[in-house]
Amino acid sequence: MRQLQLVAHGEPSDVIRLNTVRQPALGQEDVLISMEAAPLNPSDFLLVRGIYGIRPALPSPVGAEGIGRVTQTGSKVDAALLGKRVLILPTYEQGTWADQVVVPLRNIVQISDHADPLQLSMIGINPVTAYLLLNRYASLKLGDWVAQTAANAAMGQYIIALTKLAGVKTLNVVRRKEAAEQVQQWGGDHVIIQSDNLNKDVEEALAGKKLSLVLDTLGGTPVGELAKSLKPGGAIVVYALQSGQFPAMPPKEFIYRGLSLHGFWLINWIRNAPRTEIEEIYQKLGDLVANGSLFAAVDHVYALDEFKEAFKQSLKSNRSGKVLFKFA
C-alpha cells in the first residue's frame, strides 16, 4: 500500500514522502479501507508544521478525512460491512492520504452510497463543524442573523447552505472583491469586504437588526467589530486562528451585554459525543449531500503521486474551492 508520510515538521513539500509500506495486520476490530477520495485541509498543514493540537510520533501517515470502501474486516467486525462505503472520522489516528488504510471500527461511519464521493469525502471536518457551530451555541430561529469571517472558505459555503435550510440569514465578511462575488453566488445574504469601517458597514447591512451568533476563523480585530452588533446574550465561537491573534474583544462587551466567547475543536466533540450522535449527524449530512442540498466547490483533484502539486495548489490563498486526492 502507498501512503504519504510525515518524516519531520516543516513545509509540506519538504517533509512529506510517498512511501510504499507493508499492509499492517488487521486487529480483531479493524477494517481495511480502499480509499476513494481524501481532501486537503488547513488543519493538515498545521499538523505538518508542528503547530496543531496533535503531534504524532514520526514518521507518521498524514491526512485527516476521507471516504472509501471496506475490503477486509477483522474477526470481530460484521462481515456485512464488506463493500460498504464508510467515512473515516478525522481523529488523526490514521492517515487518509493513502490508497489503503487500516482503521479501527470506532473511527468509521457508514455513509451514503448514492452521492458524489468527492463531496462525501469533505463532510468529515467542515460540514459537521458548521452544523455543530450553528446548533450548539445559539437557539437560532427563522429570520435570525449569523455573521462569519473568511466567508469565502469551504466552511463559509457550508454555513451558508445550512443556514438557508434553517431559514437563517448570513452576514459574510471577506477580504477581496473576488471573494465577495463568490460568496454572493453561494447565496450569502449580505457580503462585506473587510475594512477600517467594518462596524459601520455591518450596521448598515443589518439595517437595525442584531446578530445572534458570530463565527470566527481569523482572530484579531474583525470578530470584535462584529461582536458590537450582537444582541445581548449573543455568542461568539472561534474555531480557528488564521491570523495567529487572539480575538480582540473589549471586556465590557461580556460584562454589560452578557456576550459569551467559546472555542470549538472538532476532535473534542468526536472524543466525547455519544456514538449515536456522531452517526446521526454524519449520516444526516451525507443525506444532504446526496440530495444536492450540501456541497462545496472543488478547485483541483490530484492523484496521490501528484502530492507536491496538490500541496502547492491547496496552499494558495486565491483558490476557487477545495483540493482533493482521488484514488483509482
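Predicted model: local features only at pLDDT ≥ 70, side-chain atom pairs only at ≥ 80, totals over all residues.

Author: Let's start with E1 (residues 2–6) and E2, which run antiparallel and are joined by five bridges. Two strands count as paired if DSSP finds at least two bridges between them.

Residues are numbered from 1 along each chain as its sequence is written, and side-chain values use heavy atoms, with hydrogens and water left out.

Back to the strands. E1 and E2 belong to an open sheet of three strands, ordered E2-E1-E4 and paired antiparallel. E2 (16–20) and E4 (60–61) are the edge strands; each has a single partner strand, so one side of each has no neighbour in the sheet. On the way into E4, have a look at proline 59, in the loop between H2 and E4.

In H12 (residues 307–314), the buried residues are Phe307, Ala310, Phe311, Gln313 and Ser314; buried means under 20% relative accessible area, exposed means over 50%, and partly exposed is in between (1.4 Å probe, protein chains only). Looking down the H12 axis, these buried residues fall within an arc of 165°, so they line one face of the helix. That arc is taken from the directions between the helix axis and the C-beta atoms. The cover over them includes E1 and E2, along with helix H1 (12–15), helix H2 (42–48), strand E15 (298–302) and strand E16 (322–326).

E15 and E16 deserve a stop of their own. They run parallel, joined by four bridges, and valine 301 stands opposite leucine 324 in E16. Going from E15 through H12 to E16, the chain makes a right-handed β-α-β crossover. Right-handed means that, with the strands pointing away from the viewer, the path from the first strand over the helix to the second runs clockwise. E16 also pairs with E3 (residues 30–39), in the antiparallel sense and over three bridges; there, alanine 38 has phenylalanine 325 as its bridge partner in E16. With four of its five residues buried, E16 is mostly covered.

Phe325 turns up again in the largest nonpolar core, which has 82 residues; Ile16, Trp97, Trp269, Tyr282 and Phe325 touch the most other members. A nonpolar core is a set of buried Ala, Val, Leu, Ile, Met, Phe, Trp, Tyr and Cys residues joined through side-chain atoms within 4.5 Å. Apart from that one lies another core, of 18 residues, among them Leu171, Ala205, Ala227 and Met249. As for tryptophan 269, its contacts (heavy atoms within 4.5 Å), leaving aside neighbours within four places in sequence, include Val128, Leu132, Phe264 and Tyr282.

Notes
Helix = DSSP H or I, 4+ residues; strand = E, 2+ residues; numbered from the N terminus.
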